[in-house]
Amino acid sequence: MTEAQRVKALLESLPSVSAPIDRVAWLNNALATQVTHTETGDSSPSLALAHLQTLQEDVIAATTQVSTQINSLIQAATAAVPKATQQSARVTEEVTSLQAEMHALQLTYHELCVPANPDKVAVSTALAHVYDLAQVKARMQRTRDMLQAIDSWPLFEADIQSYVRDAEYEHAAQRLVDATQSLSHFDANDPHVATQQSLIAKLVQQLVDAASPALADAITARDMDRICSMAQVCDLVHEEERVRTIYFQTRAASVLSAWNDRLSSLDTLEAISHLCTHITELLTEETSVYAPALLGGAPYAAELLTYIWHHLEPAWPPYLQQRDTALPDVVNAMQRIRTAATTWTTQLKGSLSTPRLRLDASRDWRDAILLAFVPYQTQYGSLEHACLQRAWADTQSALAARVDRIWVDTLAKDEAPWSNCATQLLTCLHDQVALAEHVQADALHRMYALTNGDGLPAVASGLSEALYPALNRRLASILDTLRTRYRQHAHTSAPPPADILASDDMEERHDWQLVRAAAPLLGVAKAVETVPLGAARIVTSHTRADDVLLGPSALLTQLECDMDNDLVLQAAQRLLLEFILTAFRQHLEAYGSHGAWSAPPAAVETRVRVPSFSRSPTEGMVHLGEALLNLPRLLEALIEHELSHFAYHVDMLPYAHDDEGATTRSARKSTPRSFSFHDLTQTPAAAAESTTSTTLSSSLDQVLSLWLRSLTRTLLVSFEQDTLPMIVRTPGYDRAQLAADVEYLGTMASALTASSPLLREWAEVLQMSADEAAALPTGSLLRASAAFQAVWPSM
């Protein structure tokens, strides 16, 4: 910093004094304390005078201090200004001198170009002659070179062939370069020039053909200097592509021959494993020996890696498709290549240096590998759908064998251990659910391995359309088979009809141990409903990372899936209904076959007329009604013990809310489900409990009421559709007695809040006389009912 700059900085640091000072305000402020003393009673003038004198001394001291600072600043400025003036004068003198020298130089140049002095004119002329002579000399030298070239053309071919025979490839290359340059001085359209150019091209080919084996031998022998000299020969004659081809063919020969001769004939996964091993060994040598010494560092070894994948024979891109490789094997192949690619990526890291040999080849080896997987990535949705169907179907044979063992071991004709059967099937069904979760997990792992998350919507669609419905159908089929076999067993092992109807204690015929063992089968549907939750957990826990082959991972983190477990739920509920109603069905079958409702024999006519009364229900029907009324007591303890199972979607029971007699129930609407953070972080056991989504409160009374209604209505439907039509087709049945039985059964059902409009129709039709039936209007609903058509078929 110059003195002038320093002084300027000091002046700028002074406080501004441009604003006027309010002396009156300052004095009033200073005397404020004195006024305070006066107000308190101390009004001595001497005190005020002393205070003013103190203030005057302070002002004088402050003035002196400020004056001293100003003087110091002035002195510093005074000392700095002369120095700054001297420096400015010195710069002015130097600029003036430089201007004078530049002006003199310009005059000298002008005098040389346009001389006014005769002597200087001669000098300028002489310089011009010298320039012309230099041009003439250059032309003569070029002419001499052309003549020498023309003179040497007859010997040109012999010289090149001699160099090639003596393996003096560098001299031959240089001779060809010189000959090519000599032709540049002549007209390219001249026939003789064209002939020489053709000769040069032929000799270049001969040189390259002769030098190529030497280059390959040098590459094999790791002779780096020889490699560079042979490459230089090819570069001189513009055959860089030949160097690149020979280098890659020589270095990759071991891998390519192994793939072509042996590896391609092996199993797909085994062949790819061997190929990756060979490539890793070759790349180790390339990155440690050749690339650092020739190519400029290990990263350039990627050129050789790319060449290998592009030149495999059989070709790599169609290899997997030509072998009709299944999707799991494709994914396994990709995983093995991915593992090797991680090693290759590490090997290709390193610093770069100036290369001695430039190959300038592609280093996109990842794209070369992925070419074989593009068709599978493009068609992943349909391939995964088919793979899921195949994977699930392949498990059917093992399941069938296992279930057959359960049937054979447990379903004997006498005293079949049905409870044991139900327990074993429960384990089997839960194992099937676990198997489905395993198949599901495999599908998600395939998706991430092949698409890195991009195929999440496709795998969700495949699970919802291929796996989940198949799982439900399989489980429902097993439950329905158990129900059918048990019904057959119950039918064949039932006591004689007379004994059944005469027994007044139906409770002893109920197998409540079997019902308790089968109640957990209702929980299978609950387990099925939680299967998509496992898939959502896998998606949520998947760590997003850049794949060594596929690059950045997809951002999809939510799995929307659709699981409809109605088939399993309905099959399990039908099975429990069958187990509970077995004794009641046996009673109805006995009632229909025993003939208690048949017409009594004709009475002997007597002179005394006995009045007729309304019929009472038969003994068998009374026992059935009493058993129905006793059912709530028996069922309550069981439901209380297994409330979580009996309450699961209890509203889906047959006839649970049906007061109109419909025989069908509406299915739940199923929509794709997106799982919350709470769903994905709770334990599997808690998740299974939380998925119980009934529309009703799961209190014991409500669950018991719905099960009683469903049991009663299911029994009545069997009576209405099977027993009654069979009875009325029997000749000679007692219509009045049957009407009494039907009316009694309807009364019992109403007591259980399970009345049936169809049963009321049957009772009303059976109570009609022939005249009343004939008088019934043609358009009446009762005349069009199934009961009327069965009882009065001729009307």
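Reader: Does R402 count as buried, exposed or partly exposed, and at what relative accessibility?

Author: Happy to start there, with the reminder that this is a predicted model. Buried means under 20% relative accessible area and exposed over 50%, with partly exposed in between. R402 has 26% relative accessibility, so R402 counts as partly exposed.

Reader: Which side chain does R402 meet in a salt bridge?

Author: The partner is D431, at 2.8 Å from N to O. R402 sits in helix 17 and D431 in helix 18, so the pair ties together parts that are 29 residues apart in sequence. D431 is partly exposed because its relative accessible area is 34%.

Reader: How many salt bridges does a search of the whole structure find?

Author: The search finds 14. One of them joins the side chains of E578 and R487 at 2.7 Å, N to O. That pair links distant parts of the chain, with E578 in helix 24 and R487 in helix 19, 91 residues apart. E578 also forms a salt bridge with R585, where the closest N and O atoms are 3.3 Å apart. With a relative accessible area of 4%, E578 is buried, and R585 counts as buried at 16%, whereas R487 is partly exposed at 37%.

Reader: Why is helix 24 described as roughly parallel to helix 29?

Author: Look at the angle between the axes: under 35 degrees counts as roughly parallel. Helix 24 and helix 29 pack at about 30 degrees, with their axes 10 Å apart. That makes helix 24 roughly parallel to helix 29. The crossing of the two is right-handed.

Key
Residues are numbered from 1 along each chain as its sequence is written. This is a predicted model: local features need pLDDT of at least 70, side-chain atom pairs count only at pLDDT 80 or more; totals for chains, interfaces and linings use all residues. Side-chain values use heavy atoms; hydrogens and water are left out. Axes are lines fitted to C-alpha atoms, for helices over the stretch in contact, and angles run from 0 to 180 degrees between N-to-C directions. Helices (H or I, at least four residues) and strands (E, at least two) are DSSP runs, numbered from the N terminus. Angles under 35 degrees count as roughly parallel, over 145 as roughly antiparallel, 65 to 115 as roughly perpendicular and the rest as oblique. A crossing is left-handed if the near helix is turned anticlockwise from the far one by less than a right angle, and right-handed if clockwise. A salt bridge is a side-chain nitrogen of Lys or Arg within 4 Å of a carboxyl oxygen of Asp or Glu. Buried means under 20% relative accessible area, exposed over 50%, partly exposed in between (1.4 Å probe, protein chains only).
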